Amino acid sequence: HAAEAHRTDLMTITRYVLNEQSKHPESRGDFTILLSHIVLGCKFVCSAVSKGEEQKKLDVLSNEVFIKALVSSGRTCILVSEEDEVATFVEPSKRGRYAVVFDPLDGSSNIDCGVSIGTIFGIYMVKDSQEPTLDEVLQPGKNMLAAGYCMYGSSCTFVLSTGTGVNGFTLDPSLGEFILTHPDIKIPKKGKIYSVNEGNAKNWDGPTAKYVEKCKFPKDGSSPKSLRYIGSMVADVHRTLLYGGIFLYPADKKSPNGKLRVLYEVFPMSFLMEQAGGQAFTGKQRALDLVPTNIHERSPIFLGSYDDVEEVKALYDAED
Ligand code: AHG
Ligand code: MN
Ligand code: MN
Ligand code: MN
């Protein structure tokens with residue numbers, strides 16, 4: 001059992017990424033360096049969260065830490081953060097081949113009560129690092145090279161995909177290292193949990209309303225699903241990944257594009273879901289096929305176990 005073997009043969013996240021890179025002879029170690037700077041940002045936030053920093057300070061602080069860590073890595077040229085209205089173009093002397101899109105602190109309404117929050121990120125490789133343009137990040141999510149999140153919960157968990165499956169690492173605070181604890185995560189094919197803000201139900205569209213009704217009053221003799229909703233996307237998606245089921249932030253009459261942001265919320269989580277054997281759907285198409293036209297664009301999202309998302313797709317199909 002891999003987790004057991006690594007109790008003495010520690011598979012740190014750096015070792016894992018170096019192993020992955022050795023399969024690509026053309027790689028120069030840039031990705032490993034970039035990732036270690038993201039990991040540093042996550043360790044900082046993890047430590048700040050456990051000290052009980054206030055919401056406002058923690059939001060701004062985390063963003064600053066990530067921006068500075070990413071710029072100083074020398075491996076990035078464009079950064080898109082949920083906290084910044086405009087993208088950061090890295091100064092020429094510090095430019096590298098990667099664009100990073102991120103939500104430094106997701107679930108911010110949960111900070112002050114100590115409920116799990118997280119950081120979400122996605123990484124693109126740019127065509128021209130000397131003349132980078134915004135188009136480099138206005139690409140469909142399927143073009144991402146890697147995506148992941150770090151959850152600051154009862155422990156600090158880093159979940160990563162570089163396009164060859166999904167792996168989970170847990171921070172060992174005494175070592176200051178993320179150690180592989182959840183190798184090759186696969187989401188159950190079907191789940192028993194649905195996760196949604198039901199307070200928006202009066203404004204939902206037909207298929208969403210029908211789907212949630214089906215979760216509560218199944219007509220095929222199966223048991224109703226349980227409802228779990230934390231209100232931190234990272235925590236809700238993490239549970240969905242491990243236990244199976246579905247997470248949705250649908251469109252409603254007030255927010256026709258839902259709430260969640262395409263680049264740094266919808267895409268990275270959809271990438272992880274597909275890599276774990278699940279699906280991610282917008283109500284119209286495969287989420288990773290979306291082509292964003294602005295960096296803070298929103299989209300409805302249904303993601304999770306393959307069979308559960310399949311049911312949502314069928315309801316939208318039946319509509320048109
Ligand atoms: P953020 O804290 O980065 O602004 O994101 C909050 C998001 C996401 O984490 C969560 O899934 C969603 O907001 C919850 O929204 P509701 O409170 O509308 O349910
Ligand atoms: Mn967020
Ligand atoms: Mn945020
Ligand atoms: Mn926010």
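Me: Which residues in H3 do Ile-13, Thr-14, Val-17, Leu-18 and Gln-21 in H2 meet?
Reply: Quick note: this is a predicted model, where local features need pLDDT of at least 70, side-chain atom pairs count only at pLDDT 80 or more, and totals for chains, interfaces and linings use all residues. Residues are numbered from 1 along each chain as its sequence is written, with chains lettered from A and ligands numbered from 1 in the order in which they are written. Contact means C-beta atoms, placed from the backbone, within 7 Å, and helices are DSSP runs (H or I, at least four residues) numbered from the N terminus. On that basis, the H2 residues meet Phe-31, Thr-32, Leu-35, Ser-36 and Val-39.

Me: How do the residues of that H2 contact with H3 divide?
Reply: Ala, Val, Leu, Ile, Met, Phe, Trp, Tyr, Cys and Pro count as nonpolar, Asp, Glu, Lys and Arg as charged, and the others, Gly among them, as polar. That gives six nonpolar, four polar and no charged.

Me: At what angle do the axes of H2 and H3 cross?
Reply: The axes are lines fitted to C-alpha atoms over the stretch in contact, with angles running from 0 to 180 degrees between N-to-C directions. Those of H2 (residues 13-22) and H3 (residues 30-50) come within 10 Å, and they cross at roughly 160 degrees.

Me: Which residues of H6 are buried?
Reply: Buried means 20 or more other C-beta atoms within 10 Å of a residue's own, all placed from the backbone. Nine of the 11 residues of H6 (residues 233-243) qualify, so the helix is largely enclosed by the rest of the structure. They are Met-233, Val-234, Ala-235, Asp-236, Val-237, His-238, Arg-239, Thr-240 and Leu-241.

Me: What residue follows H6?
Reply: Its phi is positive, near 90 degrees. The residue is Gly-244.

Conventions. Helix = DSSP H or I, 4+ residues; strand = E, 2+ residues; numbered from the N terminus. Contact = placed C-beta atoms within 7 Å. Buried ≥ 20, exposed ≤ 12 C-beta atoms within 10 Å, placed from the backbone.
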